[in-house]
Amino acid sequence: MEVALSPALAIGLEWTSVAGNILFTYLIGREVRAGWLFGFVASMIGVVLYAGAQAWLMGALNGFYAAMGLYGWWTWGRVEVAERIRTMGSGEHALAIVVGGVATAVLFGAMKAMDLEGEHLWMEAFITAFALIATWLMSRKVLENWIYWTVGDIVAVFYNHLIGFNGYVLLMVVYIVLAVVGFLRWRRQRQRPAQE
């Protein structure tokens with residue numbers, strides 16, 4: 001299945017998605033619940049764009065982002081989650097890294113087994129695996145989600161450059177900057193109650 005878009009429409013959608021994703025990340029960094037809805041819309045656009053480029057795993061990842069946009073919006077609306085940012089212990093980090101590595105290998109193997117086209121399947125699998133982890137951590141208000149995003153986004157800069165999505169290259173660079181800002185802001189926010 002191939003999604004055919006005119007070049008002008010594809011470019012317009014890509015930049016609309018970029019703007020929506022930047023707004024999503026900015027608002028989430030400021031702990032604004034409505035940010036999840038911008039992420040939902042931008043991710044739905046991403047599904048269409050990546051499907052058009054036959055980047056099936058990236059399209060599926062954007063479908064997951066869209067679902068998590070709704071889940072995050074719902075979760076952050078619950079009082080007990082809205083109140084507190086938490087951190088991970090070293091054991092949780094080790095588990096997340098192992099799960100990310102195994103998920104990368106499984107996703108790569110699945111894409112190969114299904115004969116899906118793509119020149120950069122390992123990168124696509126890595127980005128997807130660690131984005132799944134980062135999104136889940138973000139929805140649960142775990143401080144270190146920003147670190148997992150940064151690692152995946154660094155790989156995604158190169159991946160999107162290789163497949164010719166220059167708007168998404170810029171988006172990944174902006175994401176890296178916003179992830180640093182988000183991490184510092186969330187860490188300050190988490191430390192604030194202890195200082196009061």
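Mentor: Trp-122 counts as partly exposed, at 47% relative accessibility; buried means under 20% relative accessible area, exposed means over 50%, and partly exposed is in between, with a 1.4 Å probe and protein chains only. This is a predicted model, in which local features need pLDDT of at least 70 and side-chain atom pairs count only at pLDDT 80 or more, while totals for chains, interfaces and linings use all residues. Residues are numbered from 1 along each chain as its sequence is written, and side-chain values use heavy atoms, with hydrogens and water left out.

Rings of Phe, Tyr and Trp (for Trp, its six-membered ring) pair if their centres lie within 6.5 Å, and planes under 30 degrees apart count as stacked, over 60 as edge-to-face and the rest as tilted. By this rule the count comes to 10 aromatic pairs. One of them joins Phe-108 to Trp-122, and this pair is stacked, at 4.1 Å centre to centre with 15° between the planes. The pair links distant parts of the chain, since Phe-108 sits in helix H5 (residues 90-113) and Trp-122 in helix H6, 14 residues apart. Helices here are DSSP runs of H or I with at least four residues, strands are runs of E with at least two, and both are numbered from the N terminus. Phe-108, with a relative accessible area of 17%, is buried.

A second pair is formed by Phe-126 and Phe-130, whose ring centres are 4.7 Å apart and whose planes meet at 35°, so this pair is tilted. Both residues belong to helix H6 and are separated by 4 residues, about one turn of the helix. Phe-126 is partly exposed at 24% relative accessibility, whereas Phe-130 is buried at 9%.

H6 also has a packing partner. Helix H3 (residues 56-76) and helix H6 (residues 121-139) pack at an angle of about 0°, with their axes 10 Å apart; the axes are lines fitted to C-alpha atoms, for helices over the stretch in contact, and angles run from 0 to 180 degrees between N-to-C directions. That angle makes H3 roughly parallel to H6, because angles under 35 degrees count as roughly parallel, over 145 as roughly antiparallel, 65 to 115 as roughly perpendicular and the rest as oblique. Contact means heavy atoms within 4.5 Å, and on the H3 side the residues that meet H6 include Trp-56, Leu-61, Phe-64, Tyr-65 and Trp-76, while those on the H6 side include Ala-125, Ile-127, Leu-132, Trp-136 and Met-138. The residues of this contact divide into 15 nonpolar, 5 polar and 1 charged, where Ala, Val, Leu, Ile, Met, Phe, Trp, Tyr, Cys and Pro count as nonpolar, Asp, Glu, Lys and Arg as charged, and the others, Gly among them, as polar.

The 21 residues of H3 should span 30 Å, and its end C-alpha atoms are 29 Å apart, which agrees. Among the buried residues of H3 are Leu-57, Leu-61, Asn-62, Tyr-65, Gly-69 and Trp-76.

Most residues other than glycine have a negative phi. Lys-141 is not a glycine, yet it has a positive phi of about 55°, and it is buried, with a relative accessible area of 3%. Glu-31 is likewise not a glycine and has a positive phi of about 60°, but it is found in the loop between H1 and H2 and is partly exposed, at 23%.

Helix H7 (residues 145-163) contains Asn-160, which counts as buried at 0% relative accessibility. Leaving aside its neighbours within four places in sequence, Asn-160 is in contact with Tyr-50, Phe-165, Tyr-168, Val-169 and Met-172. Tyr-50, Phe-165 and Tyr-168 are also linked into a cluster by ring pairs, and Tyr-50 is one of the buried residues of H2.

Notes:
The expected span of a helix is 1.5 Å times one less than its number of residues.
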